[in-house]
Structures are given as structure tokens and as C-alpha cells.
Amino acid sequence: MPRVHVAREERFGGYLEDYEAGDRFQHWPGKTITEADDHLFCLLTLAASPLHIDRAFAETSIYGKNIVVGTYIYSLLLGMSVPDISGRALANLGTSELRHTAPVFHGDTLYGESEILGARPSQSRPGEGVLTVRTEGFNQDRKQVCTFTRAVLLPMRGAKDK
């Protein structure tokens, strides 16, 4: 008999015990980044550098065109990872080693992948644990454009979801 999968329960993250170091997740779908996406994000966050929003200025830069603001790339990758990694998160504990390794341009498509680096029970919060994960972003040509590591507080199986 086929199993019924409820997206809300099964898709959005797991419990700490569901993850092991070395597990890899390919986040889907990717996102093609439009000029409007980039400009809106820049203006909403007051990160309106001319390199991102002024085409004439960007044409004089080393890239010869606008590049997408890095905080948007990071935000997209983090969001892409939520269904697989942190959908049940009780808290995001921190991000480290954030690196933008290549520029992203309007019209590029971003894809994300995450690798579990470690999963351990919390020493101070019974029934909860810390998941450490590295997420990488790639463009449509599989060139890495961003990487970061983050730690997430997750419930353990049997602990009440908060």
C-alpha cells in the first residue's frame, strides 16, 4: 500500500537524528536571478551600491556589467536549504566562513547544495541538538559562487516541537 507523504511534516526539515556527517542535499529548484530581484533586494536593504543598481556605472567596472549583491546570494542559498535542513529549527545559532567565490550576474541561475558536517546533542538544552552544515552555491555552469557554514538548533525525536 502506498505511503501518504504530508509535505508540511516530511518536507520541512528533520530532527537531529535524521542527519549524519557526510550527508549531502541538493536543494531544488534553483533560482534564476533577475535584475528586478537584485534591485529590489538592494533597495529594501539599503545596499544600493552603484555596482549593483547602476548599469552605466557597472559598465565601467572590472566586470563590465552589474553584479548581484552578495547578501542576496547568501539569503537565497539559506532559503533554498530550509526545506532540507532547518525547517524544524528552533534557532539559527550562527553563520561562519561566508565567502563569495565568484560574481553572480543578472540572468544567472543559482543552485544550492549542503553537506552535514556534524550533529550533536545540546549540552545545555535536553531534547535538542546542534546541526552544523556547509552550504555551497553554484551557477548554471557549476561554478561555485558562494559558501558558508552555519549551526542550527534542532529538536530531537520525541521532544515536543516548539
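Student: What pattern does the protein chain follow when it is read along the sequence?

Tutor: This is a predicted model, and in it the protein chain has 5 helices and 5 strands. Read along the sequence, these elements follow the pattern α-β-α-α-α-α-β-β-β-β.

Student: In what order do the 5 strands stand in the open sheet?

Tutor: Strands of a sheet pair through backbone hydrogen bonds, either parallel or antiparallel. Here the pairing is antiparallel, and the twist from one strand to the next averages 20 degrees. The sheet is an open one, and its 5 strands have the order β1-β3-β4-β5-β2.

Student: Which strands stand at the edges of the sheet?

Tutor: In an open sheet with the order β1-β3-β4-β5-β2, we can look for strands that have a single partner strand.

Student: How many bridges join strand β3 to strand β4?

Tutor: Strand β3 covers residues 109-121 and strand β4 covers residues 128-138, and the two run antiparallel. Among their bridge partners are Gly112 with Gly137, and Glu113 with Glu136. In total, the number of bridges that join β3 to β4 is 10.

Student: Which residue in the hairpin of β3 and β4 takes a positive phi?

Tutor: The hairpin of β3 and β4 has 6 residues between the strands. A positive phi near 85 degrees is found in this hairpin, and the residue that takes it is Gly127.

Student: Which residue in β3 is the bridge partner of Thr32?

Tutor: In β3, the bridge partner of Thr32 is Thr109.

Student: Is Gln26 buried or exposed?

Tutor: Gln26 is found in strand β1, and it touches Asp84, Gly112 and Glu113, not counting residues up to four places away in sequence. To decide, we need the cut-off, by which a residue counts as exposed when its relative accessible area is over 50%. The relative accessible area of Gln26 is 65%, so Gln26 is exposed.

Student: How many Å apart in space are Gln26 and Ser114, C-alpha to C-alpha?

Tutor: Along the sequence, Gln26 and Ser114 are 88 residues apart. In the protein chain, 72% of the contacts with a separation of 6 or more are between residues 24 or more positions apart. For Gln26 and Ser114, the distance in space, C-alpha to C-alpha, is 6.7 Å.

Student: Is helix α2 roughly parallel or roughly perpendicular to helix α5?

Tutor: Helix α2 (residues 35-45) and helix α5 (residues 70-86) pack at an angle of about 105 degrees, with their axes 9 Å apart. Angles of 65 to 115 degrees count as roughly perpendicular. That angle therefore makes α2, in relation to α5, roughly perpendicular.

Student: Which residues in α5 do Asp37, Asp38 and Phe41 meet?

Tutor: Asp37, Asp38 and Phe41 belong to α2. The residues of the contact of α2 with α5 divide into 2 nonpolar, 2 polar and 2 charged.

Technical notes. Residues numbered from 1 in each chain as written. Predicted model: local features only at pLDDT ≥ 70, side-chain atom pairs only at ≥ 80, totals over all residues. Heavy atoms only, no water. Axes fitted to C-alpha atoms, helices over the stretch in contact; angles between N-to-C directions. Helix = DSSP H or I, 4+ residues; strand = E, 2+ residues; numbered from the N terminus. Parallel < 35°, antiparallel > 145°, perpendicular 65-115°, else oblique. Contact = heavy atoms within 4.5 Å. Nonpolar A, V, L, I, M, F, W, Y, C, P; charged D, E, K, R; others polar. Pairing = 2+ DSSP bridges. Buried < 20%, exposed > 50% of the residue type's maximum accessible area, 1.4 Å probe, protein only.
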